[in-house]
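Please look at the strands before reading on.

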Amino acid sequence: MARLLYQTIQPPRFTADALAAGFTGLLVVELALDEDGRVVRTQLVNPSGFRIDDEALMAAKGARYLPARNSAGQPIASSAELRFRFAAH
C-alpha cells in the first residue's frame, strides 16, 4: 500500500446519531486511486453502524490526492488507507 499524500481534505462531520451514542473509535477507508490520484473505489474496513460511516466515505471520495509514483518518477495507480479518529466528548 502506498503512503497517502493528499492536497486537500475536508474532515468528516461527526453525526448526531454517533455523538448521541458516544461513539469513539477509528474508521479506516481503503482507497483505490488512479494514476492521476483520483479515487476510483472506496471501502470502509470497519463500519461503525452509524451515519458517520457515510461521512467518512464522502470525505475520502472528496479529497484530492497526489498520485503515487514508480521508481522512474511516473505516476501510477495505487491503493492506500485513510484513517479518521472520532471521540465523543
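## The pairing of β2 and β7

V29 has L82 as its bridge partner in β7. Strands β2 and β7 run antiparallel and are joined by 10 bridges. Strands, like helices, are DSSP runs numbered from the N terminus (strands: E, at least two residues; helices: H or I, at least four). Two strands count as paired if DSSP finds at least two bridges between them.

The model is predicted: local features need pLDDT of at least 70, side-chain atom pairs count only at pLDDT 80 or more, and totals for chains, interfaces and linings use all residues. Residues are numbered from 1 along each chain as its sequence is written, and side-chain values use heavy atoms, with hydrogens and water left out.

## The sheet

On the β3 side, V29 has L44 as its bridge partner. The strands β2 and β3 are antiparallel, with 5 bridges between them. The open sheet has 3 strands in the order β3-β2-β7. Because β3 (39-44) and β7 each have a single partner strand, they stand at the edges, and one side of each has no neighbour in the sheet.

## The faces of β7

In a regular strand, side chains alternate between the two faces of the sheet. In β7, S78, A80, L82, F84 and F86 point to one face and are buried, meaning under 20% relative accessible area with a 1.4 Å probe, protein chains only.

Methods: Buried means under 20% relative accessible area, exposed over 50%, partly exposed in between (1.4 Å probe, protein chains only).
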